[in-house]
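Subject: Handover of a protein structure

Dear colleague,

Please find below the structure that I am handing over to you.

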Amino acid sequence: MTHLEPAIVLDRVSKTFPGAARPAVSECSLTVGAGELVVLLGSSGSGKTTLLKMINRLYEPTSGTIYVNGQDVRAVSAVELRRRIGYVIQQVGLFPHQTVAQNIATVPRILGWDRKRIEERCDFLLELMQLPPEQFRDRRPRQLSGGQQQRVGIARALAADPPILLMDEPFGALDAITRETLQDELLRIQAQFQKTILFVTHDVDEALKLADRIAVMKDGRIEQVGTAIELLHRPATPFVRQLLGADDWLQRLSVVPVRRAMNAEPEVAAASSAQPLPAEASLRDALEALLRSDLKPVPIVDRRGRRVGVVRWEDVRAAAGDPFGQVVSP
Ligand SMILES: Nc1ncnc2c1ncn2[C@@H]1O[C@H](COP(=O)(O)OP(=O)(O)OP(=O)(O)O)[C@@H](O)[C@H]1O
Ligand SMILES: [Mg+2]
């Protein structure tokens, strides 16, 4: 997404911990555009958390430079960085002896907001995360379910309305249903408030569902950066191919949202006689719809029922790659 203003730029960033035999992060370069959701995908120990922690200066790189909104982070104070960057850490990490409201207020208090403003912000965020404030604001973290704790963790990261969010496996410990709900909510919040998000996971389906682009990490290096469709279609290395299960493309298509392959052509969508698909539908749904419509472009509708674009046979075929072309052709 090169047309976006870069919000985060990593320029050949490396980190070797003292005494370590090899770097935890090695020569990583990545640009995250403003309003973009990029997923760092990689197995345990591949350096994802280390990379994230260098962006908000919890760790200093051994070499390389990190820019946030064009500024070298070494030149930005810790307070200023916290205002700009919300951080959801890997194990939720709510302060156990503080109430939900106090947890959410952490950064606003550091920033010196007055009490009324903090209370209003806190209630707004609890509502946003679908936790009724009057029920939840005075509870302690131990009185919450895992999913509720994650929501409070996200509310805390959003408290000072930072344009950038770093999220380290925020849904890792949750059951599949709660996880899907929170994924949907994150996408909703991101669309509504245009946050720039760098999201860490080792779950391929989660990456395919959430990401505008995915950066695949292995042994401290970024192996490939691209959209879900690019990675499925043209894996750059055997590792990427294996990780994404490129051989199991039909199953993978079922987790990639159709909007990632959509053409923003409302006129064509308006004129189409094919049955429309919701933007949340998967590419696999699109494939079925295309087959039903004799491969005529299928209109995509947003949450308000507006026809915002179309998906074509070529788009799904491109996403599916060669194996597909051999199965059916138009
Ligand atoms: N504070 C530290 N001191 C020394 N080594 C560390 C430190 N933090 C991480 N490492 C090492 O750096 C490497 C990358 O760790 P990192 O936590 O970034 O991986 P990760 O991709 O986040 O893994 P996971 O998915 O398990 O969270 C690992 O080999 C780890 O042991
Ligand atoms: Mg980690």
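A compact globule of 330 residues would have a radius of gyration near 20 Å, and the protein has 21 Å, which agrees. Please note that this is a predicted model. Taken along the principal axes, the C-alpha atoms of the protein fill a box of roughly 60 × 50 × 35 Å. Its secondary structure comes to 16 helices and 13 strands. Of the 330 residues, 40% count as buried. Among contacts in the protein with a separation of 6 or more, 66% are accounted for by residues 24 or more positions apart.

Ligand 1

There are 13 residues around ligand 1, and those that come nearest are Phe17, Ala24, Ser44, Thr49 and Thr50. Helix α1 (residues 48–55) gives the largest share of this shell, with three residues. Sorted by class, the shell around ligand 1 holds nine polar, three nonpolar and one charged residues.

Helix α5 and its surroundings

Helix α5 runs over residues 115–128 and has 14 residues. From its first C-alpha to its last it reaches 20 Å, close to the 20 Å expected at 1.5 Å a residue. Within α5, the residues Arg121, Cys122, Leu125 and Leu126 are buried. These four lie on the same side of α5, because they cover an arc of only 135° around the axis. Lys116, Arg117, Glu120 and Glu127, on the other side of α5, are exposed.

Against which elements do the buried residues of α5 pack? They pack against four helices, namely α3 (100–104), α4 (106–110), α6 (133–136) and α7 (146–158). Just after α5, Gln130 takes a positive phi of about 60°.

One residue of helix α4 may be considered separately, namely Ile110. Ile110 has 14 C-beta neighbours inside 10 Å and therefore counts as partly exposed. Leaving aside residues up to four places away in sequence, Ile110 touches Val79 and Arg82. Arg83 is 27 residues from Ile110 along the chain, and the C-alpha atoms of the two are separated by 9.4 Å.

Helix α8 (residues 176–193) has 18 residues, which at 1.5 Å a residue should span 26 Å. The end C-alpha atoms of α8 are 26 Å apart, which agrees. Just after α8, Gln194 takes a positive phi of about 50°.

Most residues other than glycine have a negative phi. Is Asp161 buried, partly exposed or exposed? Asp161 counts as partly exposed, because it has 13 C-beta neighbours inside 10 Å.

With kind regards

Conventions. Residues are numbered from 1 along each chain as its sequence is written. Chains are lettered from A and ligands numbered from 1 in the order in which they are written. This is a predicted model: local features need pLDDT of at least 70, side-chain atom pairs count only at pLDDT 80 or more; totals for chains, interfaces and linings use all residues. Helices (H or I, at least four residues) and strands (E, at least two) are DSSP runs, numbered from the N terminus. The expected span of a helix is 1.5 Å times one less than its number of residues. A residue is buried if 20 or more other C-beta atoms lie within 10 Å of its own, exposed if 12 or fewer, and partly exposed in between; C-beta atoms are placed from the backbone. The arc is that of the directions from the helix axis to the C-beta atoms. Two residues are in contact if their C-beta atoms, placed from the backbone, lie within 7 Å. A residue is near a molecule or strand if its C-beta atom, placed from the backbone, lies within 6 Å of it. Ala, Val, Leu, Ile, Met, Phe, Trp, Tyr, Cys and Pro count as nonpolar, Asp, Glu, Lys and Arg as charged, and the others, Gly among them, as polar. The radius of gyration is taken over C-alpha atoms; the globule rule is 2.2 Å times the number of residues to the power 0.38.
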